[in-house]
Amino acid sequence: MGKRRLALCAGVLAVTAFGPAACAAYAADGGDVSVVPAAPAPGGDIALRVTGCDAREAVAQSPALVSDARLTLDDGEGLAGDGRVRSTVSAGTYTVTVACDGTEHRGTVEVVRKHTPAAGAEPSTHPSPLAPVNAGAGGAARDLAGGPERHGPGTAQTVVALALAGTAALTVHRAARRQARRGRRTG
């Protein structure tokens, strides 16, 4: 009887622990347009990405961009491309739209004003390199540093984790049932 409770508790724990993560991962991967950095200054470069689109290429449009950004396949995980914010655009939030397979995906970019220090003010930090140094590996450091940051598990990882947790709970439950049957036969 105790092992059945253990199996039941393990299953409930898995659903409780991973259920919200699966919902959050699904919402995060719901096909919206993401912009990195999310708050660039006028004249800044941005990376655009859209998921949930089966096309091989698409175009991102926004009044904040200098021109339409061409998005192409990126490692099978959606479409990606680069754009530049207009240097004359005012600070504010602008919509970015991507038309893909007859569906319009939307995201936002929040343009912020550049902060310029007062005349004669000392910088609060010392200058540091902005790009990785070419130190072998065929420039792999530059490629790795330029990609968008990922936070948390994606939808695929969450689904795999839920499947593994369910399989573990089922295995514990079946082992408990087998042991209970053996106990009834011998006693």
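1. Two strands are counted as paired if DSSP finds at least two bridges between them. By that criterion β3 and β6 pair in this predicted model, and they do so in the antiparallel sense over three bridges. Within this pairing Gln-61 stands opposite Thr-97 in β6, a position that is taken up again under point 6.

2. As to overall make-up, the protein contains three helices and seven strands, and reading from the N terminus the elements follow the order α-β-β-β-β-β-β-β-α-α. Buried residues account for 23% of the 187 residues, while the accessible surface comes to about 13100 Å², with 56% of that area belonging to carbon and sulfur atoms. Where contacts between residues at least 6 apart in sequence are considered, 56% of them join residues at least 24 apart.

3. The strands form an open sheet of seven, in the order β1-β2-β5-β4-β3-β6-β7, and the pairing is antiparallel. From one strand to the next the twist averages 25°.

4. The individual pairings can be followed across the sheet. Strand β2 (residues 45-50) is paired with strand β5 (residues 79-84) over six bridges in the antiparallel sense, and Ala-47 stands opposite Asp-82 in β5. On to strand β4 (residues 69-73), two bridges join this strand to β5, again with antiparallel direction, and here Thr-72 is the residue opposite Ala-80 in β5. Four bridges then connect β3 to β4, which run antiparallel, with Glu-57 opposite Thr-72 in β4. Strand β6 (residues 92-100) is joined to β7 by nine bridges, also antiparallel, and in that pair Val-98 faces His-105 in β7 as its opposite residue.

5. In a regular strand the side chains alternate between the two faces of the sheet. Which residues of β3 lie on its covered face, and which on its uncovered one? The covered face consists of Ala-58 and Ala-60, whereas Glu-57, Val-59 and Gln-61 make up the uncovered face. A reader checking the model may note that a valine, Val-59, is listed on the uncovered face together with Glu-57 and Gln-61.

6. Is Thr-97 buried or exposed? Thr-97 lies in strand β6, and with a relative accessible area of 14% this threonine falls under the 20% limit and is therefore counted as buried. Leaving out residues up to four places away in sequence, Thr-97 touches Val-59, Ala-60, Gln-61, Glu-104, His-105 and Arg-106.

7. The largest nonpolar core has 22 residues, and those that touch the most other members are Leu-48, Ala-60, Leu-71, Val-96 and Val-98. At least two residues of this core are supplied by each of β1, β2, β3, β4, β6 and β7, and the largest share, four residues, comes from β6. For Val-98, with neighbours within four places in sequence set aside, the contacts are Val-33, Val-50, Ala-58, Val-59, Ala-60, Leu-71, Thr-103, Glu-104 and His-105.

8. One disulfide is counted, and it joins Cys-53 to Cys-100 at an S to S distance of 1.3 Å. The link of Cys-53 and Cys-100 is right-handed, with 75° about the S-S bond. Cys-53 lies in the loop between β2 and β3 (57-61) and Cys-100 in strand β6, so the pair ties together parts that are 47 residues apart in sequence. Both cysteines, Cys-53 and Cys-100, are buried.

9. Finally, the loop between β1 and β2 contains Ala-39, which counts as partly exposed at 39% relative accessibility. Ala-39 and Thr-93 are separated by 54 residues in sequence, and their C-alpha atoms are 8.9 Å apart in space. Ala-39 also touches Glu-110 and Val-112, when residues up to four places away in sequence are not counted.

Key
Residues are numbered from 1 along each chain as its sequence is written. This is a predicted model: local features need pLDDT of at least 70, side-chain atom pairs count only at pLDDT 80 or more; totals for chains, interfaces and linings use all residues. Side-chain values use heavy atoms; hydrogens and water are left out. Axes are lines fitted to C-alpha atoms, for helices over the stretch in contact, and angles run from 0 to 180 degrees between N-to-C directions. Buried means under 20% relative accessible area, exposed over 50%, partly exposed in between (1.4 Å probe, protein chains only). Contact means heavy atoms within 4.5 Å. Accessible areas come from the Shrake-Rupley method with a 1.4 Å probe; for residues, only the protein chains shown count as cover. A disulfide is a pair of cysteine sulfur atoms within 2.5 Å. A nonpolar core is a set of buried Ala, Val, Leu, Ile, Met, Phe, Trp, Tyr and Cys residues joined through side-chain atoms within 4.5 Å.
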